[in-house]
Amino acid sequence: MPPVIDVHDLHVRFGEVEAVAGIDLSAEAGQATALLGRNGAGKSTTMRVLAGVVPPTEGTVLVGGVDVARDAISVKRLVGYCPDVGGLVPLATPWEHLQLIARLRRIDDWETRSRDLLERFDLGDVSHRVTSGFSHGMSRRLSVVLAAFHQPDVLLLDEPFDGVDPIGVDATLDVVADARARGACVLVSTHLRDLAMQACTTAVVLRSGARVASMASGELEGEAGADAYRALLD
Amino acid sequence: MPTARSWTDPLADLWHLLRFRAQTVRRPRAAAVASVVLVVCTLAAMLVPPHVGALAKVGGPEQVVGYLPSMLSGFLVLSIVSAISGGGGRELLPRDQAAIHPITTTTEHLGALTLSPLNLAFLLQVWLLLGATSFVTGGDGWLVGQLLVLLWIAFGTALGQAVGWTVEIVRRGERGVAIVRTISIVGALGALGLHLSGRFVPVLEGGPARRLASFVDGTRADAWLAVPVLLVLTVIMVLVGVLPAGAALRRSPRDELKVESGIHPARPLPLSDAAMLLRMDRAAVWRSVPMRRGLIVLALGPGLVALVGAMSWGSVMVLPGLVISGGALLFGVNAWCLDGRGVLWRESLPVPPRTVFRARARVLAEWLIGASAITVTLASVRAGVPTLNQAISMLTLLLVVTVQVVSVCMLWSGRRPFSVNLRSARATPAPPLVMVGYSSRLAVTTTFTALIFSTASGGGWLWLSPVLAVPLLFWSLRTLRRAEQQWVAPAPRAVVVMTVAG
């Protein structure tokens, strides 16, 4: 069975800056892959390419068999994306965000699932308040809800645990587990190695815009895993 | 680390912040050129008028000198209204960036004062005042006249700022928004009452403005004595402003908090993607405090001036262009900033970029037409029933100017996006110097267009305005199409998205 995410020699350049310098990456259905690396390693840019937000400068990027460069809209239909920064429209409410998804993704009977997800992420009380007044943790939690809401085939979570309280972390881990259980491919980018290992089955380490290692997540667990990870970053 | 404070610290902090802003200008060469242009225009306003008067044999200085008191008072009114509507004035640094630095409220006050000249309405008034004074004085008394006017400008700006901060204290207090609105309405009605009783111009011409005008016109040998007096008054007014600035900035902005803590009940799901996008975009505009406040000032201000001044339809024709170009400066010149950091998530949704572009352009057009319609409606109360030709010309003008401004704004939004948070009433969609450039270009274009249609409305040819509109609309729609193509292309769109997301 071909991988759901299949990236070959991905390059992304912004003028003089090469944010991604030849990444190869593949991820399977029903698996969760952690994308690890230092700041500026190219994790978020890779996620943005996979979400169809940023076009690749060079290389091949297939998501669910669809070429991102050729048909970004079809890729967007397959993907649920939680961006690393913000990710929320400041003067819209969580409910309006969910309405937008329901409308654009043609989801019927969406209200029950919306309420359920908002409650699970402890956002039920603020579902009709604009997001500009939200704390960082609340914004992160809502971003995960928005990414997972339509039960996408590919779930891309960029820094989903950043500043999130334990209840939000548990809810996010549940979302990842649910996605895997229904056969979705999950990619999680984070600096929190322990949580990444808890959520994911495999890990890919990026450095300076390129992949330096790919392994089972168990290899990065514990003290030995921490040492191995640091060695990969240097 | 010791962080000793002295009374000069706010000035030192101001200098550091201004340098920081100057160093972070994205296009330094363009900024340098713009600065030179501003200086050249100011020097031209100060030096050229006496020569132009002599060459062109226009009306003598004695004709202009009569207008000086009301011009001087007009500047004062503009400064006050501008500071009040701007929530106290521009921010040296956006609030969320400034929060981590020990920037005092005194520095904030001085920063708002320093940035206030970077506003086209302000600059036009300054140039007009300097030019008129230069024309009146000629060679004799030129220096003292210019000095006095410059000091009056500084004094008026400081006074406006102090009043602006004071109003902000009230606005940020219990029921403050309602109190300020009531005071504004009473003030507007008072101005109307003065006008109807024939006392508006005498009030404007009276008081300190008349006395200052007598010093400025170059006929008094003791005019120099007014220089130190105005200088001292200006310094006092700058210092006075520190107190309300501190009191205002220590209070939470209630109107912003009201929006953020308020409940926005769910509405039924719209029937189409475009309708849903329109709803999101409209909410982003109408829930924004600075935009709502800006729209009220822009729509009502010129409308009330027209109402009080009993403008004829020929003159009213100029107003929609000014209102529309002013309205575009509230968010249109950086239209994608409405999404804030949510632009990244929105871009990941499966909707054709063309649909997104058209929804945003339509919301901008609605916003601009709405504002100008209020102005024209107010102006029409005194202008009377228009002739058929005037009505056709006005409707055609509204259409042409709206399409002109929307097209150029969408083009600029795609070419030069900025990451800004429009949460604060003091925020602007682009840096101050860029805003001056944008406002100048919009004002020139729309005023020129208005003059064309104003002229056309005076003749007897009903077909003239629609015919004149055809090439203008064609050109603007071409620009709009270019802007749309720019947005539809994935790579340029990604740059916009990444920039706006910060």
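Which residues of H15(B) are buried? I started my notebook with that helix. I kept in mind that this is a predicted model.

**Entry 1: helix H15 of chain B**

I went through H15(B), residues 273–286. The buried residues are Met276(B), Leu277(B), Arg279(B), Met280(B), Asp281(B), Ala283(B), Ala284(B) and Val285(B). I noted that Arg279(B) and Asp281(B) are on that list. An α-helix has 3.6 residues a turn, so residues three or four places apart point the same way. I kept that in mind while reading the list.

I found helix H3 (94–104) of chain A.

**Entry 2: where the chains touch**

I found 36 residues of chain B in contact with 37 residues of chain A. Which elements of chain B give two or more residues to this side? They are helix H14 (254–261), helix H15 (273–286), helix H19 (343–347) and helix H24 (490–501). I then sorted the chain B side by class. I got 21 nonpolar, 7 polar and 8 charged residues.

**Entry 3: chain B as a whole**

I looked up the secondary structure of chain B and found 24 helices and 0 strands. The C-alpha trace spans about 75 × 75 × 45 Å along its principal axes. The radius of gyration of chain B is 24 Å. A compact globule of 502 residues would have one near 23 Å, so the value for chain B agrees. Buried residues make up 45% of chain B. I also took the contacts in chain B with a separation of 6 or more. Residues 24 or more positions apart account for 88% of them.

**Entry 4: chain A as a whole**

Chain A has 8 helices and 10 strands. Its radius of gyration is 17 Å, close to the 17 Å that the globule rule gives for 234 residues, so chain A is as compact as a globular protein of that length. The C-alpha trace of chain A spans about 45 × 45 × 40 Å along its principal axes. I found 52% of the residues of chain A buried. For contacts in chain A with a separation of 6 or more, 67% come from residues 24 or more positions apart.

**Entry 5: the four-strand sheet of chain A**

I traced an open sheet of 4 strands in the order S2-S1-S4-S5 (chain A), with antiparallel pairing. Why does one side of S2(A) and of S5(A) lack a neighbour in the sheet? Both strands stand at the edges, and each has a single partner strand. Helix H1 (residues 43–50) of chain A packs on this sheet and touches S1, S2 and S4 of chain A. The direction of H1(A) makes about 115 degrees with that of S1(A).

Then I followed the pairs. Strands S1 (residues 5–14) and S2 (residues 17–27) of chain A are joined by 8 bridges and run antiparallel. Val12(A) has Val20(A) as its bridge partner, and Asp6(A) has Ser26(A). The hairpin of S1(A) and S2(A) has 2 residues between the strands, and Gly15(A) takes a positive phi near 65 degrees there. S1(A) also pairs with strand S4 (residues 58–63) of chain A, antiparallel, over 5 bridges. In that pair, Val7(A) stands opposite Val61(A).

**Entry 6: the six-strand sheet of chain A**

I found an open sheet of 6 strands in the order S6-S7-S8-S3-S9-S10 (chain A), with mixed pairing. The edge strands are S6 (79–82) and S10 (210–216) of chain A. The twist averages 15 degrees from one strand to the next.

Helix H6 (residues 166–181) of chain A packs on this sheet, touching S3, S7 and S8 of chain A. Its direction makes about 150 degrees with that of S8(A). Helix H8 (residues 222–233) of chain A lies across S3, S9 and S10 of chain A, at about 30 degrees to S9(A).

I checked a parallel pair: S7(A) and S8(A) are joined by 5 bridges. Leu155(A) has Val186(A) as its bridge partner in S8(A). I checked an antiparallel pair too: 6 bridges join S9(A) to S10(A). Arg207(A) stands opposite Ala210(A). S9(A) and S10(A) form a hairpin with 2 residues between them, and Ser208(A) in the turn has a positive phi of about 50 degrees.

Methods
Residues numbered from 1 in each chain as written. Chains lettered and ligands numbered in written order. Predicted model: local features only at pLDDT ≥ 70, side-chain atom pairs only at ≥ 80, totals over all residues. Contact = placed C-beta atoms within 7 Å. Nonpolar A, V, L, I, M, F, W, Y, C, P; charged D, E, K, R; others polar. Pairing = 2+ DSSP bridges. Axes fitted to C-alpha atoms, helices over the stretch in contact; angles between N-to-C directions. Buried ≥ 20, exposed ≤ 12 C-beta atoms within 10 Å, placed from the backbone. Rg over C-alpha atoms; globule rule 2.2 N^0.38 Å.
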